[in-house]
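Subject: Structure handover

Hello,

Here is the structure I said I would pass on. My notes on what was found in it follow below.

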Amino acid sequence: MKLLVIGSGGREHALAWCLAKTPGLQKVFVAPGNAGTAAERGLENVAITDLDALADFAEEEKVSLTIVGPEAPLAAGIVNLFRARGLKIFGPSKEAAQLESSKDFAKRFMSRHGIPTARFASFSERASAHAYVDQQGAPIVIKADGLAAGKGVVVAMTVDEAHAALDRMLPAEGQHAPQGSRQAQVVIEEFLEGEEASFIVMVDGKEVLPLASSQDHKRIGDGDSGPNTGGMGAYSPALVVTPEVHAKAMREIILPTVRGMAAEGMPYTGFLYAGLMIGKDGSVKTVEFNCRLGDPEAQPILMRLKSDLFTLLDHAVAGKLDQVEASWDRRVALGVVLAAANYPATPRTGDVISGLPKASEDSHDSHVFHGATSERDGQTVTAGGRVLCVTALGDNVKQTQKRAYNLIIGIHFDGMQYRHDIGHRAMPR
């Protein structure tokens, strides 16, 4: 049996690493992969990104199942293409992936189906967007409508910040989008107070299998300071997701979303990620939807998964998720992202990475997942913003933190930056 994982980041490394444990597996192809997947036993990188060429490859290699990691191929319709050719693939169709590819679509969908979320308004013209911000005041949240690799959100604490974000995201009056491209649009939302958590499930069109809870750390600096990023680290389980919050998220957000998508003729299959805002009063609202595993949430979640991932995916593709359960390591998993110089604005690439543990040196309690790396002259170099995710398991958050940060001590590349407080919200106060 052969499997194919599409993508080149840390989430895809974690998926492929987890799938490589499948009994009877011949190989996991990763397209295009990175320097980490190239060095991992049982994985093989394939330098293909074109969707038709990927379908041809899956056909030629008799790939049993393809798993899509990132959002861009989903939004481009890779699932529709594979299904039309009779190829097994796990992920939402192009139509269902609008839950992530269009913030405006997601907000209107939630409004239609009574799914709790922040009040919002959508704009494509600067003048009316600026007027709305002046009327609402700050803090306020500005979101670019389309895909933005986790960086299209500005939490503006002042009206001036909000206006600056609008000027960046929307064209000036009289400017038009290039022919063939979609018109720029923003969604402006009320600022929600509370604690965020990542609630990720697998969906087969009808049935839902929740994964372990997790909490991401979006801002670049310690103490949640500085600009938003795609995520600087995560841990699982998230203490803030109590049994009551879990039940409420399933009842008020996940199940109505799955039923609503089916009712609107876009049955949802794939990973579904709901970013939750949990209020002090126990209320749960939807910050956003992603149509994939989170990154860096995937790394700690998959470190804790004891069940065979392929079995879960196979049941999901067959529409039989109600026939399986996922079992989890009771321990805490925690991942710390090592980011490139100048991330998140203009990450520098090409810096040589030293001190990486060899794949054989990784223990069952830790793993260094590659996010943005490549090979150059026999050396591993940085190739993007979030370079590595150093992930560990431990009996409690403190022990796990210590294990992960001790691993980081030996790793170096020029300009390396990381947070020193991943998991701080779960520490005793």
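**Helix packing, sheet and cores**

Helix α8 crosses α9 in a right-handed sense. Please keep in mind that the model is predicted. The two helices, α8 (residues 126-136) and α9 (residues 159-169), pack at an angle of about 165°, and their axes are 10 Å apart. Angles over 145 degrees count as roughly antiparallel, so α8 is roughly antiparallel to α9. On the α8 side the contact is made by R126, A129, H130, V133 and D134; α9 contributes V159, A162, H163, L166 and D167.

Next, the sheet. It is open and has four strands, in the order β11-β10-β16-β17, with antiparallel pairing. At the edges are β11 (208-210) and β17 (284-290), each of which pairs on one side only. From one strand to the next, the twist averages 35°. Strand β16 (residues 269-278) is joined to β17 by six bridges, and these two strands run antiparallel. Opposite K285 in β17 stands M277.

Then the nonpolar cores. The largest contains 51 residues, and I78, L99, I254 and L276 have the most contacts inside it. Helix α10 (residues 243-263) supplies the largest share of this core, seven residues.

As for L99, leaving out residues up to four places away in sequence, L99 touches F105, A106, F109, T257, M261, Y268, L272, F289 and C291.

Regards

Notes:
Residues are numbered from 1 along each chain as its sequence is written. This is a predicted model: local features need pLDDT of at least 70, side-chain atom pairs count only at pLDDT 80 or more; totals for chains, interfaces and linings use all residues. Side-chain values use heavy atoms; hydrogens and water are left out. A nonpolar core is a set of buried Ala, Val, Leu, Ile, Met, Phe, Trp, Tyr and Cys residues joined through side-chain atoms within 4.5 Å. Buried means under 20% relative accessible area, exposed over 50%, partly exposed in between (1.4 Å probe, protein chains only). Contact means heavy atoms within 4.5 Å. Two strands pair if DSSP finds at least two bridges between them. Axes are lines fitted to C-alpha atoms, for helices over the stretch in contact, and angles run from 0 to 180 degrees between N-to-C directions. Angles under 35 degrees count as roughly parallel, over 145 as roughly antiparallel, 65 to 115 as roughly perpendicular and the rest as oblique. A crossing is left-handed if the near helix is turned anticlockwise from the far one by less than a right angle, and right-handed if clockwise.
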